[in-house]
Amino acid sequence: MAKKRPQTKAGKQQLKDGEIPVVGAREPCPCGSGRRYKACHGRAAAQAVTELVHRPFEGLPGECDWVALRELVPAATVALTLKDGLPEGVPSVTLATVLPMAWPALRRDDGSVLLALQNDTPSGDLSRDLADTLLRALAAEPGSPVAAQRVPAEGPRLQDVLDPAAAFEPAVHSGFEFWVPDAENATPEVSASLERANGAAIPTTRLAGVDAAYWCETPEKNHLRWVMPHAEEQLLDALARLHAAGTSSLGEGTRLVGSFRAHGLMVPVWDLPSAMGAEECEKPAAEFAERLTEALASDAPLTAEERRARGGLTNRQVTLS
């Protein structure tokens, strides 16, 4: 015979679904059902934690830049605006690509908060993980780093915490001096750490004339990585039309070589000559944006040549997340 489940006492208060706390997987579920937590409310919580959210930054201002700073840009910061304003004693909140010691967040001595974007996260919803870290940093003691932890399955997301009307304006840095308030007078240990981090950073510049396009310099050639908001299938068709027409490059010596997939968006990538800097990319990128807009507006069936071009572009996609 199957074991009888323990009966809930008649007088025991029953918790509502939204009030179920997280307990050990093998402990009795706090809802009073008599089952273990992992077989009761813990099942839905575990599924919510592991389910991958493909576009975690969707709905936030600057979604494409969020993706770029998460995956492509070594050193950058953005001032964040909270929906309910700054708590008392917190003069500012700043998003950073990465923090020293891979801290998820840091409450500085002056009370300001730095939130790291490029850390590993414990669940499948990057937005929820970051919001949880941010809220804990706001409540942390000044001078304290914030560690990673398991995130409540129904906790708030960045879309619930940040002001949706605020601008998202990344500042790309040549190094990580933003880690410390006074880098010039830092201790020898801190200076050595900064030197190591700066030595590993790829020089990167955000273009001014188009959104979410980032030039970067490597030893052999330069690249332009451009995070675009368009639906993948539509964007592939448009790029194929331009590629087949010979108008997908950014000028002489440049070539559209493929794309990344990252957090639900596509990131076309161009190879550039080593002599082509970020400023030289501005005009060609703006002209390409106009050609792309026209190609995106076309609903004509792809020609045989355009289908071959599309197949080639599809084969040269790399998924980052």
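Predicted model: local features only at pLDDT ≥ 70, side-chain atom pairs only at ≥ 80, totals over all residues.
**View 1. Strand S11 is covered on both of its faces.** One side carries Leu265, Val267, Val269 and Asp271, the other Met266, Pro268, Trp270 and Leu272, and every one of these residues is buried.

**View 2. S11 belongs to an open sheet of six strands.** Reading across, the order is S7-S8-S9-S11-S10-S12, with mixed pairing. Which strands stand at the edges? They are S7 (204-206) and S12 (317-319); each has a single partner strand, so one side of each has no neighbour in the sheet. Going from one strand to the next, the twist averages 25°.

**View 3. S10 and S11 make a hairpin.** Two residues sit between the strands, and His263 in the turn has a positive phi of about 55°. S10 (residues 255-262) and S11 (residues 265-272) run antiparallel and are joined by seven bridges.

View 4. Look for Arg225, which stands opposite Val269 in S11. As for what holds such pairs together, strands of a sheet pair through backbone hydrogen bonds, either parallel or antiparallel.

**View 5. Helix H7 lies across part of the sheet.** Spanning residues 278-297, H7 lies across S7, S8 (213-217), S9 (222-226) and S11. Relative to S9, the helix runs at about 40°.

**View 6. Cysteines, but zero disulfides.** With a cut-off of 2.5 Å between cysteine sulfur atoms, the count comes to zero. How far from Cys29 is the nearest cysteine sulfur? That sulfur belongs to Cys31 and is 3.6 Å away, so Cys29 is in no disulfide under the 2.5 Å limit. Cys29 is buried, at a relative accessible area of 4%. Cys281 is in no disulfide either: the nearest cysteine sulfur, on Cys216, is 9.8 Å away. Is Cys281 buried or exposed? Its relative accessibility is 0%, so Cys281 counts as buried.

Methods
Residues numbered from 1 in each chain as written. Heavy atoms only, no water. Buried < 20%, exposed > 50% of the residue type's maximum accessible area, 1.4 Å probe, protein only. Pairing = 2+ DSSP bridges. Helix = DSSP H or I, 4+ residues; strand = E, 2+ residues; numbered from the N terminus. Axes fitted to C-alpha atoms, helices over the stretch in contact; angles between N-to-C directions. Contact = heavy atoms within 4.5 Å.
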